[in-house]
Amino acid sequence: ELDQASAEEPSNKMQSSKELLWQQHLILPYNEKRFELIPITLPSLATVEGAAIEAPVTVTLTLESPLYQATRHYQIGIVPKTVQTAQYHRQYLSSNQKIELSHWQKQYEAGAKSFLTLSKNPTINPALYALELFNYPYACSEQLTSQTFPWLFKSPALNLVKRSFYQAHQTDETREENATQENSTAHFSTWEESFVEDHLAQLLARQQPDGGFPLWNSGPSFLPATNYVTDLLVTAKRDHYTIVTQEALDAAYRYLQRALNQTQAEFTIYGLEISDYAHGLTRDSLASISYASWLLADGGKIYLADLLFLPQLAPRLTPLATTYLGGALMILGETKGGLALFSTLPSKIDQAEQYYGYYQSSISELALMIDLLNRLTDRGYPISLELKKGLFDRLNQRLAHQNSFSTQDRYALIRLGSDAVKERTPLKVMINGEQKILQSNQPIPANEIESFEALEPLFIQYMIEGEPKKLTTATQFKIQYQNYHDAA
């Protein structure tokens with residue numbers, strides 16, 4: 001369905017009256033695709049300033065399947081003026097490099113709020129990608145895992161989004177009962193634990209007799225899904241969620257170990273030759289095997305000897321798979337081999353035709369690569385800051401041109417922002433010409449900061465939120481979901 005908004009009088013805000021322009025109901029057999037070209041004309045409307053703008057159109061897509069029902073709303077066209085918007089600037093500053101923040105502040109009306117976050121290691125604001133991920137209509141194992149994982153991460157910015165999601169799902173009666181701050185905090189903690197356990201229970205119910213997890217709510221075990229769910233279960237077990245039993249984890253680990261053993265057996269037979277029979281040696285399979293290797297190594301389930309064949313297949317590994325394998329080697333004592341693999345990452349990423357693992361994109365791979373390198377740094381491994389800076393620059397370039405994000409993209413960016421390296425040394429900086437001492441990864445109000453100078457190499461993230469002074473043309477829009485499904 002397409003609705004056309006109309007305006008009764010010149011305004012910078014769209015009116016609520018709508019006219020139905022087009023409607024169609026389609027029933028598609030499994031795996032069938034249909035492309036529809038819908039010709040529409042966006043009429044011109046006048047604003048208070050006298051400018052001519054086009055009214056946006058709302059597209060309503062209702063999906064119905066045996067697994068779930070969901071309604072999604074998309075908006076296309078030109079928004080006359082964004083009432084509330086946020087602008088982000090991420091940059092690496094070398095020692096004594098200066099940046100002027102007043103440039104962004106002058107673009108917003110009075111009352112805009114801005115914050116500055118500093119770190120010696122690349123990070124990102126996880127709150128930017130959380131709320132829409134929490135509201136996504138879930139059915140497959142990947143989507144359910146992507147929604148659950150961020151609830152295990154702890155960061156001040158992410159916690160605010162969690163509380164917002166929690167408040168939106170409370171009844172008026174519950175809000176009244178928890179009016180005080182103390183009651184509200186206690187109820188949120190109880191609700192959050194129940195929410196996570198419910199999602200973990202849904203995933204555990206999907207575990208197959210062989211220990212693996214299917215692509216959807218049932219079916220044969222699927223290695224990419226099993227990797228991802230196992231990663232979640234390990235993290236939840238570490239956070240004392242007793243619903244995750246050791247038996248379930250051990251079964252999942254055994255499934256991953258069998259997959260690794262099968263790949264090694266095929267390598268013994270076929271070596272570096274590409275054969276139609278060597279299914280475990282394809283780039284897609286090796287991407288999953290490298291992830292499994294990292295999980296097994298991190299869980300203490302394998303030895304270095306179990307992985308010595310994989311570096312010989314390095315040219316077939318995706319950038320993220322290379323990072324997983326390098327991390328696994330380092331954990332098992334082969335630091336030199338891990339660093340050698342990491343040194344190939346920039347050239348791999350810059351290949352003209354790059355291949356990514358199942359579920360992955362260039363954004364999710366880069367974010368998960370940086371996150372894993374940050375985690376290794378936190379454990380004391382000698383990871384090059386220059387390498388992480390180069391990866392972060394590439395991630396920022398892709399984010400600047402990305403109009404939409406998959407569930408895996410959002411999870412990866414949230415994880416990168418939440419797994420920030422625990423930097424305990426205060427940072428010396430110059431703010432408005434005066435030296436200040438600040439803490440890493442702690443957002444500070446930046447409304448009064450006109451200029452900022454790094455006295456040592458730093459990653460900065462600047463955010464300003466408010467009402468822009470000039471008419472703003474938007475080329476990307478948020479998607480709103482109305483969920484009324486219950487996955488089978």
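Which residues is leucine 458 in contact with, leaving aside its neighbours within four places in sequence? Keep that one in mind while we look around this predicted model.

## The big picture

Let's start with the whole chain. The protein chain has 488 residues, and 48% of them are buried. Its fold includes 15 helices and 15 strands.

How do the contacts run along the sequence? If you take contacts between residues at least 6 apart in sequence, 71% of them join residues at least 24 apart.

Leaving aside neighbours within four places in sequence, leucine 458 touches Gln91, Tyr92, Leu93, Ser119, Lys120, Leu427, Val429 and Phe452. Leucine 458 itself belongs to strand E14, which covers residues 458-466. Its relative accessibility is 0%, and buried means under 20%, so leucine 458 counts as buried.

Glutamine 91 is 367 residues away from leucine 458 along the chain, yet their C-alpha atoms are separated by 8.5 Å.

## A four-strand sheet

Now for an open sheet of four strands, ordered E8-E13-E10-E11, with antiparallel pairing. Strands E8 (98-100) and E11 (434-438) are at the edges with a single partner strand each, so one side of each has no neighbour in the sheet. From one strand to the next, the twist averages 30°.

Zoom in on the pair E10 (residues 427-431) and E13 (residues 451-454): they run antiparallel and share three bridges. In one of these strands, E13, you'll find alanine 454, the bridge partner of valine 429. Strands of a sheet pair through backbone hydrogen bonds, either parallel or antiparallel.

## Helix H9

Is helix H9 largely enclosed or left open by the rest of the structure? Of its 16 residues, 13 are buried, so H9 is largely enclosed. Its length checks out too: at 1.5 Å a residue, residues 283-298 should span 22 Å, and the end C-alpha atoms are 23 Å apart, which agrees. After H9 comes glycine 300, with a positive phi near 70°.

## A buried phenylalanine

Phenylalanine 213 is in a loop, the one between helix H6 (181-204) and helix H7 (223-238). With 1% relative accessibility, this phenylalanine 213 counts as buried. Leaving aside neighbours within four places in sequence, its contacts include Leu203, Pro220, Phe222, Val229 and Ala252. Tyrosine 255 is 42 residues from phenylalanine 213 in sequence, and the two are 9.4 Å apart in space, C-alpha to C-alpha.

## Salt bridges

How many salt bridges are there? The count comes to twelve. One of them joins aspartate 298 and arginine 379, whose closest N and O atoms are 2.9 Å apart. Aspartate 298 is in helix H9 and arginine 379 is in the loop between helices H13 (362-378) and H14 (385-400), so the pair ties together parts 81 residues apart in sequence. Aspartate 298 is partly exposed, at 27% relative accessible area, and arginine 379 is partly exposed as well, at 43%.

Here are a few others. Lysine 98 pairs with glutamate 100, with the closest N and O atoms 3.9 Å apart; glutamate 100 is partly exposed at 42% relative accessibility. Lysine 436 bridges to glutamate 434, with a closest N and O distance of 3.8 Å, and lysine 436 is partly exposed at 36%. Finally, Asp231, Asp371, Arg375 and Arg415 are linked in a salt-bridge network.

Technical notes: Residues are numbered from 1 along each chain as its sequence is written. This is a predicted model: local features need pLDDT of at least 70, side-chain atom pairs count only at pLDDT 80 or more; totals for chains, interfaces and linings use all residues. Side-chain values use heavy atoms; hydrogens and water are left out. Helices (H or I, at least four residues) and strands (E, at least two) are DSSP runs, numbered from the N terminus. The expected span of a helix is 1.5 Å times one less than its number of residues. Buried means under 20% relative accessible area, exposed over 50%, partly exposed in between (1.4 Å probe, protein chains only). Contact means heavy atoms within 4.5 Å. Two strands pair if DSSP finds at least two bridges between them. Axes are lines fitted to C-alpha atoms, for helices over the stretch in contact, and angles run from 0 to 180 degrees between N-to-C directions. A salt bridge is a side-chain nitrogen of Lys or Arg within 4 Å of a carboxyl oxygen of Asp or Glu.
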